[in-house]
Amino acid sequence: MASVAQDAPAEPSAKEMRLVISASSLGTVFEWYDFFIYGTLAASGIIGRTFFPAGNEVLQTLLAWAGFAVGFGFRPLGAVLFGYLGDKLGRKYTFLVTITLMGVATAGVGLVPSYAAIGMAAPVVIILLRIAQGLALGGEYGGAAIYVAEHSPAGRSGFHTSFIQASVVGGFILSLAVVLISKFALADVWDSWGWRVPFLFSILLLAISLWMRLKLSESPVFKAMKEAGETAANPFVESFTYPGNGKRLFVALFGISAGLTVIWYTSMFSVLSFLAGPMRLDPTAAQLITGGSAIIGMGFFLFFGHLSDRIGRKIPIVAGYALTLVLLFPLFWVIGSAANPGLAEAARHAPVVVSGPQCGYDPFSANQADECGKLLDHFSKKGVAYTTVKAPAVTVSVGGLPVADTRPAGLDAALATAGYDLAPSVPPAGNIAIIVVAILGLMALSGATYGPVAALLSEMFPSRIRYSSMSIPYHIGTGYFGGFLPLISQYIVARTGDPYAGLWYTFAVVAMALAVTAWGLQETVALRKARR
């Protein structure tokens, strides 16, 4: 897609470029830490148990992920608001505001009393704070990415902005690291109040971010526009009326943002939930494995960002999408087989079959309507895969043997006899190595589709409306397609009893993104000129 933005920012010195990248990237790490810390603790069940009412573990998990999704749902509104300010007032001061809002909201989550203490006020306040986080994040990413891109010398934008992309992973890694350190240091009080420390830690990160970002000067491209009086009168409106921008926005939303975000969240949050949930890994082991893999995998984002400066932005993105469709399920099958071999073997040789006339199951209901639904609810809570068969009477079989006692204790006894070990476990070292290799495969796919994107989106849009035009489709795509992924995939798993069924959501979105990108994305003019 031809770009209408042909900017030639002044060449910064190497020292200035290092400051620009480090300050922008660290701020992005901290801001994503703030946003991800909720998801990290939601995966362990603490958020659901503390803030949401339910006597049902599955329902609490779904409500916690719904709170996670709410933050993403408000990212587009933040993109509109702060994109407008960024195009009118400047890049620097806008992302100073966003990081302050994020830090204050995150610390606030750590101060909210539990549902047991203040009732329904707890989830209401949590949702409001998640909304504030979503608004802040909607303005942060575009500001940081554009700021770095508009400082970058010609032909280096892909590599320099890839540090912003890697910073998203860095935020996830930092959230895991702080949780693990806090859990170790506060083991005796972790479940009661120690888990709040990672949220309060955000105050320190906010102070560091503000100190570093206040050192920065305004983007040279924006300063030149302002001096020439060429800033947009209404960046939001002009984003939709500028010639050719409609197609660019469509491709950026459905082809770029939607695809990259579901791959990224699947490679991190889905893996973490998969290991700690259906695969029954010890939560700390699951966090260490996922976090360690993410540290190594950050290199893929830098590699593909650099590669995109040489071969173009479109090739690695399209190739990454296509390979994701081929490798997504096999990589998760490898993770599942290595994570808990005994459980995987039991599921293969002793499948659980629930029969009944209807077998309706609603994961959002605290009390199931019929006996069959109660059975499915029990197996879903245990993370045990099951299949359903229509039959006149409600029955359960494990490994082909009927279960006479269908009370919870009887079902658990039947599972244990069939070889289902549901106690949290830690895989042997060889299996951990296999899991890490598989996760790195997912990270490589994420790096290919995510690494070049900040440079691509910055180059796609004219500088006068760049902040708005880049942020709006990015945050709609990532906020809705990606932010709702944990909730949708967990719901699919709960309804089907298949721990891999949630991957079909990722598969469908990536297939759509591949079609749109292959059709509508052309190499940016700015990159073509830089490579001559």
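Reply: Helix 12 (residues 235-241) supplies the largest share of the nonpolar patch, three residues. Helices (H or I, at least four residues) and strands (E, at least two) are DSSP runs, numbered from the N terminus. The model is predicted: local features need pLDDT of at least 70, side-chain atom pairs count only at pLDDT 80 or more, and totals for chains, interfaces and linings use all residues. Residues are numbered from 1 along each chain as its sequence is written, and side-chain values use heavy atoms, with hydrogens and water left out.

Me: Which residues make the nonpolar surface patch?

Reply: Patches are made of residues with over 30% relative accessible area and no salt bridge, like charges being joined within 9 Å and nonpolar side chains (Val, Leu, Ile, Met, Phe, Trp, Tyr) within 5 Å. A salt bridge is a side-chain nitrogen of Lys or Arg within 4 Å of a carboxyl oxygen of Asp or Glu. Here Tyr84, Phe236, Val237 and Phe240 form a patch of about 350 Å². Accessible areas come from the Shrake-Rupley method with a 1.4 Å probe; for residues, only the protein chains shown count as cover. Tyr84 belongs to helix 4 (residues 75-89).

Me: Why does Tyr84 count as partly exposed?

Reply: Buried means under 20% relative accessible area, exposed over 50%, and partly exposed in between (1.4 Å probe, protein chains only). Tyr84 has 30% relative accessibility and therefore counts as partly exposed.

Me: How many residues of helix 20 (residues 453-460) are buried?

Reply: Eight of the eight are buried, so helix 20 is largely enclosed by the rest of the structure. Among them are Val453, Leu456, Glu459 and Met460. Of the 532 residues of the protein chain, 59% count as buried.

Me: What is the strand order of the open sheet?

Reply: Two strands pair if DSSP finds at least two bridges between them. The four strands of this open sheet follow the order 2-1-3-4, with mixed pairing. Strand 2 (386-390) and strand 4 (401-402) are at the edges with a single partner strand each, so one side of each has no neighbour in the sheet. Strand 1 (residues 352-356) pairs with strand 3 (residues 395-398) in the antiparallel sense over four bridges; Val353 has Ser397 of strand 3 as its bridge partner.

Me: What radius of gyration does the protein chain have?

Reply: The radius is taken over C-alpha atoms, and the globule rule is 2.2 Å times the number of residues to the power 0.38. The protein chain has 24 Å, which agrees with the value near 24 Å for a compact globule of 532 residues.
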